[in-house]
Amino acid sequence: MKKLLFAALAMAIALTACNNQNNTNTNATEAAAATEQTEGVATTGKIAFYHIDRVLAEYTMSVELQTNFQKEYEAKDKELGASARKLEKDFNALQEKINKVLITRADAEKEAAKLQERQVNLQARSEKAMAELAEKEQVMTNQIMFSINEFVNALNADLKYDLIFASSVNGGPIVNANPALDLTDEIIEGLNKQYAASKK
């Protein structure tokens, strides 16, 4: 389950670009840029990247939120599973009474109606629980994404980098890159310090 959460979060944050401020250009600069664009010459810029799956796995806030969600998911699954097993046991017990003629037809029909009502209620509870968990997972994902994006934007407030990619260790958009451009460790360290300070 934890691997699935990491994969879903990594896909949700597949590309993260920093906000760039528009610089006012002189007429001469604008003319030069227009000429370059016309001639098809690409503008160069400084690029960096970070591994989103590592950030998700090592960012304390991300780990805590996902651990809490996993516990809640497992508790709800255990509760619903126990109710389903009890219902199945009661169905089997009624069937055995019917087979051994230990119950009148009228009483059997009454018990069967009650069991069917329990089954409908259990199905409704299960659907409601899954919907609530899905919503909580989405909120958790958004909280983590927002926190990471805000930190990366603050990290690049001076526009040192023209573009920052969020990549995945296992086949993200970046296949090969200079390790010197990797901001992963810096981002993880900064996020964890920021989160620890916020908890105090």
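**Reading the helices and loops of a predicted model**

Q: Why are α5 and α6 called roughly perpendicular to each other?
A: In this predicted model, α5 and α6 pack at an angle of about 110 degrees. Angles from 65 to 115 degrees count as roughly perpendicular. The value falls in that range, so α5 and α6 are roughly perpendicular to each other. Their axes are 10 Å apart, and the crossing is right-handed.

Q: Which residues of α5 and α6 meet?
A: From α5 come Ser-147, Ile-148, Phe-151, Val-152 and Leu-155. From α6 come Glu-186, Ile-187, Gly-190, Leu-191 and Gln-194. By class, this contact has 6 nonpolar, 3 polar and 1 charged residues.

Q: What makes Ser-147 count as buried?
A: Ser-147 has a relative accessible area of 12%. Buried means under 20%. The value is under the cut-off, so Ser-147 is buried. Ser-147 is found in helix α5, residues 105–155.

Q: Which residues does Ser-147 touch, not counting those up to four places away in sequence?
A: Ser-147 touches Tyr-59, Met-61, Leu-191 and Gln-194.

Q: Is Thr-184 buried or exposed, and how do you know?
A: Thr-184 has 0% relative accessibility. That is under the 20% cut-off, so Thr-184 counts as buried. Thr-184 lies in helix α6, which covers residues 184–199. Leaving aside neighbours within four places in sequence, Thr-184 is in contact with Phe-49, Tyr-50, His-51, Arg-54 and Val-55.

Q: What makes the 2.5 Å pair of Thr-184 and Asp-182 a polar contact?
A: The contact joins the side chains of Thr-184 and Asp-182 at 2.5 Å. A polar contact needs a pair of N or O atoms within 3.5 Å, one able to donate a hydrogen and the other to accept it. The distance of 2.5 Å is within that limit, and the pair counts as a polar contact.

Q: Why are α4 and α5 called roughly antiparallel to each other?
A: α4 and α5 pack at an angle of about 170 degrees, with axes 10 Å apart. Angles over 145 degrees count as roughly antiparallel. The angle is over that cut-off, so α4 and α5 are roughly antiparallel to each other. By class, their contact has 19 nonpolar, 8 polar and 11 charged residues.

Q: Is Val-101 buried or exposed, and how do you know?
A: Val-101 has 66% relative accessibility. Exposed means over 50%, so Val-101 counts as exposed. Val-101 sits in the loop between α4 (60–99) and α5.

Q: What makes Leu-159 partly exposed?
A: Leu-159 has 24% relative accessibility. Buried means under 20% and exposed means over 50%, with partly exposed in between. The value lies in between, so Leu-159 counts as partly exposed. Leu-159 is in the loop between α5 and β2 (163–167).

Q: Which elements make up the chain, and in what order?
A: The chain has 6 helices and 2 strands. From the N terminus on, they run α-α-β-α-α-α-β-α. Buried residues make up 26% of the 200 residues.

Key: Residues numbered from 1 in each chain as written. Predicted model: local features only at pLDDT ≥ 70, side-chain atom pairs only at ≥ 80, totals over all residues. Heavy atoms only, no water. Helix = DSSP H or I, 4+ residues; strand = E, 2+ residues; numbered from the N terminus. Buried < 20%, exposed > 50% of the residue type's maximum accessible area, 1.4 Å probe, protein only. Contact = heavy atoms within 4.5 Å. Axes fitted to C-alpha atoms, helices over the stretch in contact; angles between N-to-C directions. Parallel < 35°, antiparallel > 145°, perpendicular 65-115°, else oblique. Left-handed = near helix turned anticlockwise from the far one by under 90°. Nonpolar A, V, L, I, M, F, W, Y, C, P; charged D, E, K, R; others polar.
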